[in-house]
Amino acid sequence: MSEEFHGKLNHLQRELPEGLVVDSAWLKERGYSAQLCRKYVTNGWLERVAHGAYRKPGGKLLWEHVVISLQTLLMKPLLVGGGTALSLHGFSHYLRREEKEVHLYGPDEAPTWLNKLPLQITFVYHNSEALFRNEPIHFGLTSLAWNLKDGSHVSDDNIHGGSFRVMPWGQWEWPLTLSTPERAVLEMLDGLPGHESFDQADKIIEGLTTLSPRRLQKLLVDCKSIKVKRLFFFFADRHNHPWRKHLNKEAVNLGTGKRMLVPGGRLDPTYLITVPEELYAGQ
């Protein structure tokens, strides 16, 4: 094989960390033609994990590999949010025993090949701009000054006022970007009542005793969804955690009129939303 062939292969071995995933466009931009990629696959130097998606062989493919690849190599403005982020923050004992979905938030659709990967989970995309007004997601992690070689990174509080967090993952402590619990709980409430259950949301918020009122206030002001804001204050009042008294509800636009979220449910007189009758059991 030619010296150029081996040179390009050696360069790819250095540029593509073991286990991470890249697409055909990433490879093409770096001079790897489809024909060359096929040769690498044939010789076992690359593994084709879906149509147009490749990785360097090495260990079991996990969803975290995929998301870290999107954020650090492919520069896709997507972060882990909602119930998935809450689980990563340690609230998994309130969630489903076995996660079947990974919730991704960003301004642009996730790549179509994500749900063709050999994984036992489904990636669910959410448009972040539909939920938050002033909290844009427009970065890949290299723009956050995290260096994959030395592990240096910026402070969480420097990332959009702390609404995103960078969590080291795996043997190499690769950076995984996810929503803070304050942002994630609002993202989760956006899934009510169709995708998430009221009982699950109630149990999760019951356990969120140490949220930051400063972060919450900013996110609530920036939130576009009247439903989400009313639900949040309904659950916040219900559990009355210490951070609740530091929130200024008057500064948050809660809209007007009634919102029927649960047919046949009870209308909450304060927030004018219908919620399941079971939430009032024992009161």
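Two strands are said to pair if DSSP finds at least two bridges between them. This briefing applies that rule and others to a predicted model, in which local features need pLDDT of at least 70, side-chain atom pairs count only at pLDDT 80 or more, and totals for chains, interfaces and linings use all residues. Residues are numbered from 1 along each chain as its sequence is written, and side-chain values use heavy atoms, with hydrogens and water left out. The chain has nine helices and ten strands; helices (H or I, at least four residues) and strands (E, at least two) are DSSP runs, numbered from the N terminus.

**Overall burial and contacts**

- Of the 283 residues of the chain, 52% count as buried, where buried means under 20% relative accessible area, exposed over 50%, and partly exposed in between (1.4 Å probe, protein chains only).
- Among contacts with a separation of 6 or more, 65% are between residues 24 or more positions apart; a contact means heavy atoms within 4.5 Å.

**Strands β4, β5 and β6**

- Strand β4 (residues 79–80) and β5 run antiparallel and are joined by two bridges, with L79 standing opposite Y105 in β5.
- Strand β5 also pairs with strand β6 (residues 122–127), in the parallel sense and over six bridges.
- Y105 stands opposite H126 in β6.
- Five of the six residues of β5 (residues 101–106) are buried, so the strand is largely enclosed by the rest of the structure.

**Strands β7 and β8**

- Strand β7 (residues 164–169) pairs with β8 in the antiparallel sense over six bridges, and W169 has W174 as its bridge partner in β8.
- Four residues lie between the strands of this hairpin, in which G170 takes a positive phi near 80°.
- Strand β8 (residues 174–179) is mostly covered, with six of its six residues buried.
- In a regular strand the side chains alternate between the two faces of the sheet.
- In β8, W174, L176 and L178 point one way, while P175, T177 and S179 point the other way, and all are buried.

**Nonpolar core**

- A nonpolar core is a set of buried Ala, Val, Leu, Ile, Met, Phe, Trp, Tyr and Cys residues joined through side-chain atoms within 4.5 Å.
- The largest such core has 79 residues, and those with the most contacts inside it are W113, F123, L189, F232 and F235.
- Helix α9 (residues 226–239) gives the most to this core, with seven residues.
- Leaving aside residues up to four places away in sequence, F123 touches W63, V66, V67, V102, L104, L114 and N115.

**Salt bridges and charged residues**

- The whole structure contains nine salt bridges, each being a side-chain nitrogen of Lys or Arg within 4 Å of a carboxyl oxygen of Asp or Glu.
- One of them joins the side chains of E47 and R55 (3.5 Å, N to O); E47 is partly exposed, with a relative accessible area of 30%, whereas R55 is buried, at 1%.
- Helix α6 (residues 181–189) is mostly covered, as nine of its nine residues are buried.
- Being four residues apart in α6, R183 and E187 are separated by about one helical turn.
- D202 forms a salt bridge with R238, with the closest N and O atoms 2.8 Å apart.
- This pair links distant parts of the chain, since D202 lies in helix α7 (residues 198–207) and R238 in helix α9, 36 residues apart.
- D202 counts as buried at 9% relative accessibility, and R238 counts as partly exposed at 29%.
- E64, in helix α4 (residues 63–72), is buried yet has no salt bridge, and the nearest side chain of opposite charge, K60, is 9.4 Å away.
- For such charges, Lys and Arg count as positive and Asp and Glu as negative, while His and the chain ends are not counted.
- E64 touches W169 and L176, not counting residues up to four places away in sequence.

**Cysteines**

- The structure has zero disulfides, a disulfide being a pair of cysteine sulfur atoms within 2.5 Å.
- C37 counts as buried at 3% relative accessibility, and C223 counts as buried at 0%.
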